[in-house]
Amino acid sequence: MADFRTSTLDYFPENILIDILSYLGVRELIRSGRVCKRWRRLVKDQRLWRVVDLTAWKGVTSRMLWVLLRQYLGTGLRCLRLRGLLLSARGGAFLSESWLKALSSRCPRLRSLSLLHADLRGLHSCQLLPTTLQVLELRGCELPQGFFTQTPLSPEKQAGMASTAATQQQGRVQAGKVPASTSGIAIETMVLDNVPSFTDQHLQSLASWLRLSRLELRNVLRVTAEGLRRSAAQETDSGLNGLSRLKYLEIGHFGRPGAQLQMASLGLGVGWLGLEELSLGGKEVGPGLLSASRLRDLKRLRLRCCKLREMQVLRSCRTLRDLRRLEFCEVFFQVCPKTPEREGEVERQGEGEEGREGGTDNGDDKLEENDPVPSLRRSLAALLPQCALVFTNCTVTITSD
């Protein structure tokens, strides 16, 4: 009993102490390292620095980034989230070419980088970012022209990238992963949210990214329908052009009422080879539904944060026979009161399908309590018998129009 009363944290094994420290934030971890030499050594354990989120830490300067990189960040870092000084009173850029180069060498396992309110106009190219990145998120950032354009690397840089990849190749082969590319950008997922300087030129530059398979464009106001048409994957005499490896595309506009709307999703009407999943949000849902019928490889469609009419959905989905999943997330359905004319029109939407899929209506009485629009589910089940329907946080308003 005496030993139990006098026990302190020094009696705990280091693994348990590291688990306890893992619940602390970056600021608290650094302060904990000042307790004693043992805690300072524990705080530097790379298991505590796999995911580093500094977005809640305002006023992070380049000096602070250098201290973190030299004393704490290392081979354990997988995900890094930073907040820039774009909206700060200090202003200015906080990411330098030398710091990014040091980040690439000290953190060879970095896979995800998220930047919030960062001014990247001091960096001439995205090729300065770590070559091991697979996910890049830019939110509220400023970009220079030609930031996403790949340029031929100098022999010195190619040699440095080759040596970095060689040190990781053995571990990657054992894990069954493909080594990072030393001749191009290896980013697979790109997220752009409220980036006003992102234009059609930047979008077309992404066609040179050979591994880009997921692109999310939210509140990117300067991307037009013409820019999306030029970037679409299409087959030509010389082969596939555009974003030929893209499998997932998200287009969303959630701006204030009265904000300028480019209706970029109309560019999907030209077709997009290989595009399997499409997500439309906000004011881009209406134009996107008009063009979705031209996407012959589309398997999954997601509509979110918009207002839709039942007949609008049925008319748009009439040609999407190969659709396998249709999601409605936070959709406000506008339903007209039932009339004999309207009921006959809804029934004609599924004409010819109900006879072959007569058993699809089993259990509709049980689903009507949870479905926002039971008649819409029945009509879509007749039009798209092989499609899974998902309703999440949807509401219904009855209009007299």
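Start with everything shown: buried residues make up 45% of the 401 residues in the chain, where buried means under 20% relative accessible area, exposed means over 50%, and partly exposed is in between (1.4 Å probe, protein chains only). Before you click further, know that this is a predicted model, in which local features need pLDDT of at least 70, side-chain atom pairs count only at pLDDT 80 or more, and totals for chains, interfaces and linings use all residues. Residues are numbered from 1 along each chain as its sequence is written, and side-chain values use heavy atoms, with hydrogens and water left out.

Switch to a cartoon view. The chain has 14 helices and 14 strands; helices (H or I, at least four residues) and strands (E, at least two) are DSSP runs, numbered from the N terminus. Now think about contacts, meaning heavy atoms within 4.5 Å. Of the contacts between residues at least 6 apart in sequence, 72% join residues at least 24 apart.

**Stop one: a pair of helices**

Select residues 62-71 and 97-106, which are helix 5 and helix 6. Two packed helices are described by the angle between their axes and the distance between the axes. Here the axes come within 11 Å and cross at roughly 20°; axes are lines fitted to C-alpha atoms, for helices over the stretch in contact, and angles run from 0 to 180 degrees between N-to-C directions. Helix 5 and helix 6 are therefore roughly parallel to each other (angles under 35 degrees count as roughly parallel, over 145 as roughly antiparallel, 65 to 115 as roughly perpendicular and the rest as oblique). Their crossing is left-handed, which is the term used if the near helix is turned anticlockwise from the far one by less than a right angle; clockwise would be right-handed.

Which residues of the two helices meet? Show side chains for Leu65, Trp66, Leu69 and Arg70 in helix 5, then for Ser98, Trp99, Ala102, Leu103 and Arg106 in helix 6, and you have both sides of the meeting.

**Stop two: Leu192 and Arg218**

Jump to Leu192, found in strand 5 (residues 189-193). Leu192 is buried, with a relative accessible area of 0%. Leave aside its neighbours within four places in sequence, and Leu192 is in contact with Leu138, Phe198, Glu216, Leu217, Arg218 and Val220. Pick Leu215 as well: its C-alpha atom is separated from that of Leu192 by 8.1 Å, though the two are 23 residues apart along the chain.

Next, click Arg218 in strand 6 (residues 214-218). At 19% relative accessibility, Arg218 counts as buried. Beyond its neighbours within four places in sequence, the contacts of Arg218 include Arg139, Val191, Leu192 and Glu250.

**Stop three: rings**

Colour the aromatic residues. A search of the whole structure finds seven aromatic pairs; rings of Phe, Tyr and Trp (its six-membered ring) pair if their centres lie within 6.5 Å, with planes under 30 degrees apart counted as stacked, over 60 as edge-to-face and the rest as tilted. Phe333 and Phe391 make a tilted pair, 6.1 Å centre to centre with 55° between the planes. Phe333 lies in strand 12 (residues 325-335) and Phe391 in strand 13 (residues 388-392), so the pair ties together parts that are 58 residues apart in sequence. Phe333 is buried at a relative accessible area of 1%, and Phe391 is buried at 17%.

For a cluster, select Phe147, Phe148, Phe198 and Trp209, which form one aromatic group together. Then find Arg214: its charged end sits over the ring of Tyr248, 3.7 Å from the ring centre. A charge sits over a ring if NZ of Lys or CZ of Arg is within 6 Å of the ring centre and within 35 degrees of the ring normal.

Where do the residues of helix 11 (residues 310-317) sit, buried or exposed? Six of its eight residues are buried, so helix 11 is largely enclosed by the rest of the structure. The buried ones are Glu310, Met311, Val313, Leu314, Ser316 and Cys317.

Most residues other than glycine have a negative phi. His117 has a positive phi, near 55°, and lies in the loop between strand 3 (112-116) and strand 4 (135-139). Glu330, in strand 12, also has a positive phi near 55°. His117 is buried at 19% relative accessible area, whereas Glu330 is partly exposed at 35%.
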